[in-house]
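Please look at the structure shown below, and then read the briefing that follows, which is grouped by topic.

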Amino acid sequence: MTGVTVIAPPALDGCHLAPFLIEDRLGHFPEFREFFVRSFDLGRVGLARPGYLRAPSGNIYALIFIGRSGEAFPAGVEIHAVVPALEPIDEPQVDRDLWAVLRWTIDGIGGEWSVEKLQSSGRLFRIPPALDEP
Amino acid sequence: MLDLPAHIRQQWPYPPRHARVNGWRMHYVDEGSGDPVVLLHGNPTWGFLYREFVAPLTTAGYRVIIPDMIGFGLSEKPAREHAHTLDGHIANLTALLRGLDLQRITLVCHDWGGPTGLGFAFANPARMRALVLMSTWGWPLPPAEFHTRVFPWRMMHAPLIGPYLLGRHNALAGRGVYLSVVDRKRFAERAQAAYEAVLPDPASRLLTWVWPRWIPMNDTARALDRFAWLERGLRACTLPTLLIWGHADDVFDPAVFAARFKQLLPHAEGPHFVTGRHFLQEDSGPEIAAIVSDFLQRLA
(Lines give C-alpha, C1' and ligand atoms only; values in the text may rest on other atoms or scores of the structure.)
Protein backbone atom coordinates (compact mmCIF):
# COMPACT_ATOMS: atom_id res chain seq x y z
CA MET A 1 0.00 0.00 0.00
CA THR A 2 1.34 3.40 -0.96
CA GLY A 3 -1.45 5.58 0.44
CA VAL A 4 -1.79 7.51 -2.81
CA THR A 5 -5.29 7.63 -4.32
CA VAL A 6 -6.75 8.85 -7.58
CA ILE A 7 -9.44 11.43 -6.82
CA ALA A 8 -12.10 13.31 -8.72
CA PRO A 9 -11.24 16.83 -9.88
CA PRO A 10 -11.24 19.01 -6.75
CA ALA A 11 -12.48 22.57 -6.38
CA LEU A 12 -9.56 24.82 -7.22
CA ASP A 13 -10.91 28.10 -5.86
CA GLY A 14 -8.24 29.90 -3.86
CA CYS A 15 -5.51 27.56 -5.12
CA HIS A 16 -2.74 27.66 -7.65
CA LEU A 17 -0.84 24.89 -9.39
CA ALA A 18 2.90 24.75 -8.68
CA PRO A 19 4.95 22.53 -11.02
CA PHE A 20 7.43 20.23 -9.27
CA LEU A 21 8.22 17.37 -11.61
CA ILE A 22 8.31 17.55 -15.41
CA GLU A 23 8.74 14.50 -17.59
CA ASP A 24 9.14 15.09 -21.33
CA ARG A 25 9.38 11.43 -22.31
CA LEU A 26 6.85 9.39 -20.36
CA GLY A 27 7.05 6.56 -22.90
CA HIS A 28 10.79 6.03 -22.58
CA PHE A 29 9.79 2.79 -20.94
CA PRO A 30 6.33 2.17 -22.49
CA GLU A 31 4.93 0.50 -19.39
CA PHE A 32 5.10 3.86 -17.59
CA ARG A 33 2.89 5.55 -20.17
CA GLU A 34 0.52 2.57 -20.20
CA PHE A 35 0.16 2.80 -16.42
CA PHE A 36 -0.95 6.42 -16.56
CA VAL A 37 -3.30 5.76 -19.48
CA ARG A 38 -4.90 3.02 -17.36
CA SER A 39 -4.99 4.95 -14.12
CA PHE A 40 -6.59 8.08 -15.55
CA ASP A 41 -8.61 6.58 -18.41
CA LEU A 42 -6.62 8.72 -20.81
CA GLY A 43 -7.79 6.80 -23.86
CA ARG A 44 -11.22 8.33 -23.21
CA VAL A 45 -10.36 11.54 -21.35
CA GLY A 46 -7.45 12.65 -23.52
CA LEU A 47 -6.48 16.25 -22.87
CA ALA A 48 -9.90 17.23 -21.50
CA ARG A 49 -8.75 17.56 -17.88
CA PRO A 50 -5.80 16.81 -15.57
CA GLY A 51 -5.67 13.74 -13.40
CA TYR A 52 -5.62 14.27 -9.63
CA LEU A 53 -3.95 12.37 -6.81
CA ARG A 54 -4.16 12.68 -3.05
CA ALA A 55 -0.87 11.96 -1.27
CA PRO A 56 -0.75 10.34 2.19
CA SER A 57 -0.19 13.82 3.66
CA GLY A 58 -3.57 14.88 2.29
CA ASN A 59 -2.00 17.20 -0.25
CA ILE A 60 -3.43 17.10 -3.76
CA TYR A 61 -1.43 16.91 -6.98
CA ALA A 62 -2.56 17.59 -10.53
CA LEU A 63 -1.09 15.50 -13.33
CA ILE A 64 -1.15 17.51 -16.54
CA PHE A 65 -0.57 15.25 -19.50
CA ILE A 66 1.27 16.54 -22.55
CA GLY A 67 0.57 15.63 -26.18
CA ARG A 68 3.27 15.91 -28.81
CA SER A 69 2.70 15.60 -32.55
CA GLY A 70 3.88 12.30 -33.93
CA GLU A 71 4.16 10.59 -30.54
CA ALA A 72 1.84 8.30 -28.60
CA PHE A 73 -0.30 10.11 -26.03
CA PRO A 74 0.67 11.17 -23.46
CA ALA A 75 4.18 12.13 -24.51
CA GLY A 76 4.89 13.75 -21.16
CA VAL A 77 3.43 14.67 -17.80
CA GLU A 78 3.84 17.51 -15.34
CA ILE A 79 3.11 16.97 -11.66
CA HIS A 80 1.83 20.13 -10.00
CA ALA A 81 1.10 20.66 -6.33
CA VAL A 82 -2.34 22.14 -5.69
CA VAL A 83 -1.54 24.73 -3.04
CA PRO A 84 -3.18 27.70 -1.36
CA ALA A 85 -2.88 30.56 -3.79
CA LEU A 86 -0.87 33.01 -1.69
CA GLU A 87 0.99 30.75 0.75
CA PRO A 88 4.58 29.48 0.60
CA ILE A 89 5.01 25.82 -0.18
CA ASP A 90 6.26 23.24 2.32
CA GLU A 91 8.91 21.87 -0.01
CA PRO A 92 10.17 19.00 2.19
CA GLN A 93 6.57 17.79 2.43
CA VAL A 94 6.17 18.05 -1.33
CA ASP A 95 9.35 16.01 -1.72
CA ARG A 96 7.94 13.28 0.53
CA ASP A 97 4.67 13.40 -1.40
CA LEU A 98 6.45 13.04 -4.74
CA TRP A 99 8.37 10.06 -3.40
CA ALA A 100 5.02 8.50 -2.41
CA VAL A 101 3.67 9.18 -5.91
CA LEU A 102 6.71 7.47 -7.43
CA ARG A 103 6.20 4.46 -5.14
CA TRP A 104 2.55 4.35 -6.24
CA THR A 105 3.63 4.53 -9.87
CA ILE A 106 6.18 1.74 -9.60
CA ASP A 107 3.79 -0.40 -7.56
CA GLY A 108 1.17 0.02 -10.27
CA ILE A 109 3.52 -0.78 -13.13
CA GLY A 110 4.82 -3.95 -11.52
CA GLY A 111 6.74 -6.62 -13.38
CA GLU A 112 10.46 -5.99 -13.20
CA TRP A 113 9.77 -2.59 -11.61
CA SER A 114 9.44 -3.03 -7.86
CA VAL A 115 9.04 -0.66 -4.94
CA GLU A 116 11.98 -2.49 -3.32
CA LYS A 117 14.25 -1.49 -6.21
CA LEU A 118 12.99 2.09 -6.07
CA GLN A 119 13.61 2.11 -2.34
CA SER A 120 17.12 0.72 -2.88
CA SER A 121 17.77 3.46 -5.45
CA GLY A 122 16.59 6.11 -3.01
CA ARG A 123 18.83 4.74 -0.29
CA LEU A 124 21.83 4.41 -2.64
CA PHE A 125 21.55 8.08 -3.54
CA ARG A 126 20.62 9.11 0.02
CA ILE A 127 17.30 10.66 -0.89
CA PRO A 128 15.75 11.92 2.35
CA PRO A 129 12.27 10.36 1.99
CA ALA A 130 13.85 6.98 1.19
CA LEU A 131 16.15 7.19 4.18
CA ASP A 132 13.20 8.02 6.42
CA GLU A 133 11.41 4.80 5.54
CA PRO A 134 11.92 1.65 7.63
CA MET B 1 29.22 32.71 -14.52
CA LEU B 2 28.57 30.17 -11.80
CA ASP B 3 30.13 30.80 -8.43
CA LEU B 4 32.55 27.90 -8.00
CA PRO B 5 33.87 27.16 -4.49
CA ALA B 6 37.36 28.56 -3.83
CA HIS B 7 39.03 25.15 -3.59
CA ILE B 8 37.57 24.30 -7.00
CA ARG B 9 38.64 27.59 -8.59
CA GLN B 10 42.19 26.93 -7.38
CA GLN B 11 42.22 23.68 -9.32
CA TRP B 12 40.61 25.26 -12.39
CA PRO B 13 42.37 28.60 -12.99
CA TYR B 14 41.92 28.60 -16.75
CA PRO B 15 40.35 31.62 -18.43
CA PRO B 16 36.91 30.80 -19.77
CA ARG B 17 36.34 30.95 -23.52
CA HIS B 18 33.04 30.69 -25.30
CA ALA B 19 31.92 29.79 -28.79
CA ARG B 20 28.50 29.90 -30.41
CA VAL B 21 27.71 26.38 -31.65
CA ASN B 22 24.42 25.67 -33.40
CA GLY B 23 22.67 28.39 -31.41
CA TRP B 24 24.12 27.37 -28.02
CA ARG B 25 26.86 28.98 -25.92
CA MET B 26 29.68 26.49 -25.43
CA HIS B 27 32.38 26.98 -22.81
CA TYR B 28 35.87 25.67 -23.41
CA VAL B 29 39.42 25.98 -22.21
CA ASP B 30 42.25 26.60 -24.68
CA GLU B 31 45.77 26.43 -23.21
CA GLY B 32 49.25 26.00 -24.67
CA SER B 33 50.42 25.73 -28.24
CA GLY B 34 51.32 22.92 -30.61
CA ASP B 35 49.29 20.09 -32.08
CA PRO B 36 45.85 20.13 -30.43
CA VAL B 37 44.73 17.58 -27.87
CA VAL B 38 40.96 17.81 -27.35
CA LEU B 39 39.69 16.27 -24.10
CA LEU B 40 36.04 15.18 -24.11
CA HIS B 41 34.02 14.42 -20.98
CA GLY B 42 30.72 12.58 -20.61
CA ASN B 43 27.80 12.35 -18.19
CA PRO B 44 27.57 14.15 -15.72
CA THR B 45 31.01 15.72 -15.69
CA TRP B 46 32.65 18.70 -17.38
CA GLY B 47 36.13 19.91 -18.27
CA PHE B 48 37.16 19.85 -14.62
CA LEU B 49 37.53 16.08 -15.01
CA TYR B 50 40.73 16.80 -16.98
CA ARG B 51 42.21 19.40 -14.62
CA GLU B 52 45.32 17.28 -14.02
CA PHE B 53 45.96 16.90 -17.76
CA VAL B 54 46.42 20.55 -18.67
CA ALA B 55 49.86 21.27 -17.17
CA PRO B 56 51.61 18.07 -18.30
CA LEU B 57 50.24 18.24 -21.83
CA THR B 58 50.94 21.94 -22.37
CA THR B 59 54.42 21.49 -20.89
CA ALA B 60 55.00 18.63 -23.34
CA GLY B 61 54.22 20.99 -26.22
CA TYR B 62 50.56 20.51 -26.96
CA ARG B 63 47.61 22.86 -27.27
CA VAL B 64 44.94 21.58 -24.87
CA ILE B 65 41.29 22.24 -25.66
CA ILE B 66 38.61 21.11 -23.23
CA PRO B 67 35.01 21.83 -24.22
CA ASP B 68 32.04 21.49 -21.89
CA MET B 69 29.31 19.62 -23.73
CA ILE B 70 26.17 21.73 -24.22
CA GLY B 71 24.04 20.89 -21.15
CA PHE B 72 27.00 20.42 -18.81
CA GLY B 73 29.69 22.38 -17.01
CA LEU B 74 29.91 26.05 -17.81
CA SER B 75 28.16 25.70 -21.17
CA GLU B 76 24.55 26.68 -21.82
CA LYS B 77 21.98 24.18 -20.56
CA PRO B 78 18.92 23.70 -22.75
CA ALA B 79 15.63 23.39 -20.90
CA ARG B 80 13.98 20.81 -23.16
CA GLU B 81 14.97 17.21 -23.61
CA HIS B 82 14.44 17.46 -27.35
CA ALA B 83 17.50 19.73 -27.60
CA HIS B 84 19.69 16.71 -26.88
CA THR B 85 20.48 14.17 -29.58
CA LEU B 86 23.69 12.31 -30.34
CA ASP B 87 23.84 13.89 -33.79
CA GLY B 88 23.27 17.33 -32.26
CA HIS B 89 26.15 16.89 -29.82
CA ILE B 90 28.47 15.67 -32.59
CA ALA B 91 27.46 18.74 -34.61
CA ASN B 92 28.16 20.99 -31.60
CA LEU B 93 31.67 19.59 -31.25
CA THR B 94 32.19 19.88 -34.99
CA ALA B 95 31.14 23.54 -34.93
CA LEU B 96 33.68 24.28 -32.20
CA LEU B 97 36.63 22.40 -33.71
CA ARG B 98 36.02 23.66 -37.24
CA GLY B 99 35.50 27.17 -35.87
CA LEU B 100 38.96 26.94 -34.28
CA ASP B 101 40.20 25.42 -37.55
CA LEU B 102 42.05 22.68 -35.71
CA GLN B 103 44.27 20.25 -37.63
CA ARG B 104 46.22 17.17 -36.49
CA ILE B 105 43.76 16.65 -33.64
CA THR B 106 44.16 14.02 -30.95
CA LEU B 107 40.77 13.32 -29.38
CA VAL B 108 40.72 11.99 -25.82
CA CYS B 109 37.29 10.45 -25.26
CA HIS B 110 35.55 9.35 -22.06
CA ASP B 111 31.98 8.09 -21.58
CA TRP B 112 29.64 10.07 -23.94
CA GLY B 113 32.76 11.84 -25.17
CA GLY B 114 33.36 8.56 -27.01
CA PRO B 115 30.36 8.44 -29.36
CA THR B 116 30.53 12.22 -29.72
CA GLY B 117 34.25 12.35 -30.44
CA LEU B 118 34.22 9.32 -32.72
CA GLY B 119 31.38 10.93 -34.66
CA PHE B 120 33.55 13.99 -35.24
CA ALA B 121 36.61 11.90 -36.07
CA PHE B 122 34.90 9.78 -38.71
CA ALA B 123 33.13 12.77 -40.31
CA ASN B 124 36.31 14.90 -40.35
CA PRO B 125 39.15 12.44 -40.98
CA ALA B 126 41.45 15.01 -42.60
CA ARG B 127 41.60 16.96 -39.31
CA MET B 128 42.51 13.93 -37.18
CA ARG B 129 45.86 12.72 -35.86
CA ALA B 130 45.05 10.15 -33.12
CA LEU B 131 42.49 8.76 -30.68
CA VAL B 132 42.63 8.02 -26.96
CA LEU B 133 39.67 6.00 -25.65
CA MET B 134 38.75 5.51 -22.00
CA SER B 135 35.69 3.81 -20.45
CA THR B 136 33.42 4.35 -23.42
CA TRP B 137 31.86 2.56 -26.39
CA GLY B 138 31.09 3.12 -30.06
CA TRP B 139 28.68 0.47 -31.35
CA PRO B 140 24.96 -0.18 -31.13
CA LEU B 141 24.52 -3.40 -29.17
CA PRO B 142 24.72 -5.16 -26.82
CA PRO B 143 24.64 -2.67 -23.97
CA ALA B 144 26.86 -2.98 -20.93
CA GLU B 145 25.49 -5.43 -18.38
CA PHE B 146 25.42 -2.49 -15.95
CA HIS B 147 23.05 -0.63 -18.28
CA THR B 148 20.59 -3.53 -18.43
CA ARG B 149 19.97 -3.62 -14.66
CA VAL B 150 16.80 -2.07 -13.26
CA PHE B 151 18.67 -1.34 -10.03
CA PRO B 152 20.33 1.05 -10.08
CA TRP B 153 20.69 2.09 -13.72
CA ARG B 154 17.30 1.87 -15.41
CA MET B 155 15.41 2.90 -12.29
CA MET B 156 17.65 5.94 -11.94
CA HIS B 157 16.60 7.50 -15.25
CA ALA B 158 13.11 6.01 -15.66
CA PRO B 159 10.20 8.34 -16.47
CA LEU B 160 9.49 10.71 -13.56
CA ILE B 161 12.10 8.95 -11.43
CA GLY B 162 14.95 10.49 -13.44
CA PRO B 163 13.63 14.03 -12.99
CA TYR B 164 13.15 13.29 -9.27
CA LEU B 165 16.40 11.50 -8.37
CA LEU B 166 18.75 13.16 -10.84
CA GLY B 167 16.84 16.42 -11.22
CA ARG B 168 15.52 17.37 -7.78
CA HIS B 169 18.29 15.59 -5.87
CA ASN B 170 21.26 15.83 -8.29
CA ALA B 171 21.96 12.16 -7.58
CA LEU B 172 24.28 11.48 -10.51
CA ALA B 173 26.60 14.49 -10.20
CA GLY B 174 26.84 14.05 -6.47
CA ARG B 175 26.56 10.55 -5.16
CA GLY B 176 26.75 8.87 -8.58
CA VAL B 177 30.26 10.06 -9.44
CA TYR B 178 31.35 9.49 -5.83
CA LEU B 179 30.33 5.83 -6.09
CA SER B 180 32.31 5.38 -9.32
CA VAL B 181 35.76 6.42 -8.08
CA VAL B 182 38.22 4.39 -6.03
CA ASP B 183 39.43 7.01 -3.54
CA ARG B 184 36.09 8.37 -2.41
CA LYS B 185 37.44 10.36 0.53
CA ARG B 186 39.86 12.27 -1.68
CA PHE B 187 37.16 12.80 -4.30
CA ALA B 188 34.69 14.14 -1.74
CA GLU B 189 37.26 16.56 -0.36
CA ARG B 190 38.74 17.82 -3.58
CA ALA B 191 36.36 17.39 -6.49
CA GLN B 192 32.75 16.47 -5.73
CA ALA B 193 31.69 20.09 -5.25
CA ALA B 194 32.90 20.92 -8.76
CA TYR B 195 30.42 18.53 -10.33
CA GLU B 196 27.54 19.54 -8.09
CA ALA B 197 28.11 23.29 -8.31
CA VAL B 198 27.75 23.52 -12.08
CA LEU B 199 24.32 21.85 -11.93
CA PRO B 200 22.70 24.04 -9.28
CA ASP B 201 19.01 23.65 -10.15
CA PRO B 202 16.80 20.74 -11.23
CA ALA B 203 16.32 22.21 -14.71
CA SER B 204 20.09 22.54 -15.19
CA ARG B 205 20.49 18.76 -14.65
CA LEU B 206 18.33 17.67 -17.57
CA LEU B 207 21.08 15.97 -19.56
CA THR B 208 22.02 13.76 -16.59
CA TRP B 209 18.87 11.70 -17.17
CA VAL B 210 18.47 12.35 -20.90
CA TRP B 211 21.87 10.91 -21.91
CA PRO B 212 21.17 7.53 -20.27
CA ARG B 213 18.02 7.28 -22.37
CA TRP B 214 20.12 7.48 -25.55
CA ILE B 215 22.12 4.36 -24.76
CA PRO B 216 20.86 1.69 -27.18
CA MET B 217 19.19 -1.12 -25.25
CA ASN B 218 17.54 -2.97 -28.14
CA ASP B 219 16.97 -2.75 -31.89
CA THR B 220 14.32 -0.03 -31.53
CA ALA B 221 16.76 2.49 -30.00
CA ARG B 222 16.75 6.01 -31.40
CA ALA B 223 20.40 6.34 -32.39
CA LEU B 224 20.91 2.78 -33.56
CA ASP B 225 21.86 3.79 -37.10
CA ARG B 226 24.36 6.36 -35.86
CA PHE B 227 25.99 3.83 -33.55
CA ALA B 228 26.12 1.30 -36.41
CA TRP B 229 27.89 3.98 -38.47
CA LEU B 230 30.34 4.52 -35.62
CA GLU B 231 31.09 0.81 -35.50
CA ARG B 232 31.75 0.76 -39.24
CA GLY B 233 34.02 3.75 -38.73
CA LEU B 234 35.95 1.92 -36.03
CA ARG B 235 36.42 -1.14 -38.26
CA ALA B 236 37.84 1.09 -41.00
CA CYS B 237 39.84 3.34 -38.69
CA THR B 238 43.63 3.44 -39.09
CA LEU B 239 44.27 6.36 -36.73
CA PRO B 240 46.89 5.69 -34.08
CA THR B 241 44.83 4.78 -31.02
CA LEU B 242 45.53 4.39 -27.33
CA LEU B 243 43.20 2.51 -24.95
CA ILE B 244 43.23 3.30 -21.23
CA TRP B 245 40.89 1.70 -18.70
CA GLY B 246 40.37 1.64 -14.97
CA HIS B 247 41.13 -1.71 -13.33
CA ALA B 248 37.83 -1.57 -11.48
CA ASP B 249 35.59 0.02 -14.12
CA ASP B 250 32.07 -0.60 -12.87
CA VAL B 251 30.24 0.65 -15.98
CA PHE B 252 32.20 -0.41 -19.07
CA ASP B 253 33.76 -3.71 -18.02
CA PRO B 254 37.25 -3.72 -19.55
CA ALA B 255 37.01 -7.45 -20.27
CA VAL B 256 34.13 -6.62 -22.62
CA PHE B 257 34.56 -3.03 -23.77
CA ALA B 258 38.33 -2.54 -23.93
CA ALA B 259 38.50 -5.98 -25.51
CA ARG B 260 35.95 -5.05 -28.16
CA PHE B 261 37.84 -1.85 -29.01
CA LYS B 262 40.97 -3.96 -29.34
CA GLN B 263 39.10 -6.30 -31.68
CA LEU B 264 37.81 -3.41 -33.81
CA LEU B 265 41.14 -1.54 -33.71
CA PRO B 266 43.77 -4.28 -33.61
CA HIS B 267 46.52 -1.72 -34.12
CA ALA B 268 45.53 0.14 -30.94
CA GLU B 269 48.06 0.40 -28.13
CA GLY B 270 46.89 -0.97 -24.80
CA PRO B 271 44.71 -1.24 -22.96
CA HIS B 272 46.80 0.39 -20.29
CA PHE B 273 45.22 -0.26 -16.92
CA VAL B 274 45.29 2.33 -14.15
CA THR B 275 43.74 2.65 -10.72
CA GLY B 276 40.17 3.72 -11.33
CA ARG B 277 36.55 2.90 -11.76
CA HIS B 278 34.39 4.60 -14.43
CA PHE B 279 35.72 8.09 -13.64
CA LEU B 280 39.34 6.95 -13.85
CA GLN B 281 40.65 10.50 -14.35
CA GLU B 282 39.70 11.24 -10.73
CA ASP B 283 41.98 8.51 -9.39
CA SER B 284 44.80 8.50 -11.93
CA GLY B 285 44.80 11.87 -13.71
CA PRO B 286 48.57 12.51 -13.72
CA GLU B 287 49.35 8.90 -14.63
CA ILE B 288 46.92 8.95 -17.57
CA ALA B 289 48.24 12.32 -18.73
CA ALA B 290 51.76 10.87 -18.73
CA ILE B 291 50.64 7.83 -20.73
CA VAL B 292 48.92 10.09 -23.27
CA SER B 293 51.93 12.40 -23.50
CA ASP B 294 54.31 9.46 -23.99
CA PHE B 295 52.03 8.02 -26.70
CA LEU B 296 51.95 11.36 -28.54
CA GLN B 297 55.70 11.87 -28.27
CA ARG B 298 56.28 8.47 -29.85
CA LEU B 299 53.87 9.33 -32.68
CA ALA B 300 55.87 12.45 -33.41
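**Where the chains meet, and how chain B is built**

The contact takes 23 residues from chain A and 19 residues from chain B, where two residues are in contact if their C-beta atoms, placed from the backbone, lie within 7 Å. This is a predicted model, in which local features need pLDDT of at least 70 and side-chain atom pairs count only at pLDDT 80 or more, while totals for chains, interfaces and linings use all residues. Residues are numbered from 1 along each chain as its sequence is written, and chains are lettered from A and ligands numbered from 1 in the order in which they are written.

*The side of chain B that touches chain A*

- Helix H6 (150-156) and helix H7 (161-168) of chain B are the elements that give two or more residues to this side; helices (H or I, at least four residues) and strands (E, at least two) are DSSP runs, numbered from the N terminus.
- The residues of this side divide into 13 nonpolar (Ala, Val, Leu, Ile, Met, Phe, Trp, Tyr, Cys and Pro), 5 charged (Asp, Glu, Lys and Arg) and 1 polar (the others, Gly among them).

*The sheet of chain B*

- In chain B, 8 strands form an open sheet with mixed pairing, in the order E1-E2-E4-E3-E5-E6-E7-E8, and two strands pair if DSSP finds at least two bridges between them.
- Strand E1 (17-21) and strand E8 (269-274) of chain B stand at the edges with a single partner strand each, so one side of each is left without a neighbour in the sheet.
- E1(B) and strand E2 (residues 24-31) of chain B run antiparallel and are joined by 5 bridges, and Arg17(B) stands opposite Tyr28(B) in E2(B).
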